[in-house]
Amino acid sequence: MDTKKLISDAKARFAHNSAKVYLKEKYESKLIIAEQGGLWKADANTITILTALSNQFETTTVLIDTFDNPVEVDATALLETLTTTYKNVMTEWYAEWQELENKR
Amino acid sequence: MARTRKQEIGRGVVLFAFNSSKYNYVEMAEYCARRASSFLGLPTTLITDAKSAPKDTGVFDNIIEVVPDKNNIRENQVWINKGRYQAYELSPYEETLLIDVDYVINSDKLLKTFDFSDSFCCHNRTEFLMHPNVSQEYLSSYSYSSLWATVIMFKKSERAKQIFEALEMVQHNYDHYANIHSFIAGVYRNDYALTLALNIVNGHSTEPSDYIPWDLMHVGKNTSVYANQVDTQIPADGDYWDFNTEFTVMFDNWKNSKMRKEYITIKDMDFHIMNKDLFAGIMNG
């Protein structure tokens, strides 16, 4: 199947909004990781609280995971894992977003 | 009867496929198994009937033949989708991914599901590609939001066993549950049976860890999907495959009685194709 010809023949136009939704679905799921007996999303909220706790030298702390369970964690180790995940996923997300923008 | 190339324990994929007069489900299972092997690094067991079973194991690790229940009709054709509850007993793996053959694996994302639960998880939410914000499906206005049997992860455990036993019980009493929950019993659906079974096992409460924490992506109505390249076997009769992971999704957007074609390109993303003709198109390039 020659998809370029198909798109041209169908006079289809690129749907930026749908592409944005697809990217969000794809990359948000990559931000979710299981670690230290809990399920976490490497998002701004979780990283912020872990940073604040680490700054207060709170090594062991209790956090509510995405299943709403309280989990005792090593804050420093979890922060490192989530920060790495966040950086990697957001870099990929941005790169694919840039590709998408170029289709305008 | 089981034909086994090698006995695996640990993790693996289980696929159910019974050919119909219209579709070759075993061919779809082969496509799915090749991708499971490449993207997930997992062996696949095929559960099928004597009529559909391939002559040699090929891409499959095991082939298990069962006598199918043909007592389900959809669009005037026999649709063999009953008996999914047998997955627990028949799976040779300690940890199993039970996947519909029309699910296109394009990433290693499903491996994460093994970390999410000690016993069982499935999708409870769906999203349609290019058709965002479609309401979640309910069994009826008086019943539960549907779960999805397209992808199920289970580990050999007392709880998972209970869920599959409940699934068997619901299948055998489907008309009764349809009556109670006010949905049409004409066509048996694994999604609905799974929804009821899990609710029974959970005492009609919700257990968040039973749900995969991302949406199941469907290619739905008015939407077509095309592979941007064909999967290539290297060499021509070899064991190595170069898989295409880029697809063009095209949507017929109707507005004010006019239709406009829109498209996006997706890559490295798993999705489920409801339309079997589209799936055949992707398999055959």
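Helices (H or I, at least four residues) and strands (E, at least two) are DSSP runs, numbered from the N terminus. For chain A the mean pLDDT is 91, with 98% of its residues at 70 or more. The model is predicted: local features need pLDDT of at least 70, side-chain atom pairs count only at pLDDT 80 or more, and totals for chains, interfaces and linings use all residues. Residues are numbered from 1 along each chain as its sequence is written, while chains are lettered from A and ligands numbered from 1 in the order in which they are written.

Between the chains, 24 residues of chain A are in contact with 26 residues of chain B, contact being taken as C-beta atoms, placed from the backbone, within 7 Å. On the side of chain A that touches chain B, at least two residues each are supplied by helix 1 (3-9), strand 1, helix 2 and strand 2 (32-35) of chain A. Helix 2 of chain A gives the most to this side, with 8 residues. The residues of the side of chain A that touches chain B comprise 14 nonpolar, 4 polar and 6 charged. In this division Ala, Val, Leu, Ile, Met, Phe, Trp, Tyr, Cys and Pro count as nonpolar, Asp, Glu, Lys and Arg as charged, and the others, Gly among them, as polar.

An open sheet of 4 strands includes both chains, in the order 1(A)-17(B)-16(B)-13(B), with mixed pairing; two strands pair if DSSP finds at least two bridges between them. Strand 1 (13-14) of chain A and strand 13 (223-227) of chain B stand at the edges, each with a single partner strand, so one side of each is left without a neighbour in the sheet. Strand 1 of chain A pairs with strand 17 of chain B in the parallel sense over 2 bridges, and Arg13(A) stands opposite Glu262(B) in strand 17 of chain B. Strand 16 (residues 246-255) and strand 17 (residues 258-267) of chain B pair in the antiparallel sense over 10 bridges; here Phe247(B) stands opposite Ile266(B). Helix 2 (residues 16-30) of chain A lies across strand 1 of chain A and strand 17 of chain B, at about 35 degrees to the latter. Axes are lines fitted to C-alpha atoms, for helices over the stretch in contact, and angles run from 0 to 180 degrees between N-to-C directions.

The domain assignment of chain B, from an automatic or database source, gives domain 1 (2-217) and domain 2 (221-283). The C-alpha centres of domain 1 and domain 2 of chain B lie 22 Å apart. Of domain 1 of chain B, 22 residues are in contact with 17 residues of domain 2 of chain B. Helix 1 (25-40), strand 8 (103-104) and strand 12 (216-219) of chain B give two or more residues to the domain 1 side, and helix 1 of chain B has the largest share, 6 residues.

A further open sheet of 4 strands in chain B has the order 8-18-12-10, with mixed pairing. Its edge strands, strand 8 and strand 10 (126-128) of chain B, each pair on one side only. Strand 10 and strand 12 of chain B pair in the parallel sense over 3 bridges, with Glu127(B) opposite Met217(B).

Definitions and conventions: Two residues are in contact if their C-beta atoms, placed from the backbone, lie within 7 Å. pLDDT is the predictor's confidence in each residue, from 0 to 100.
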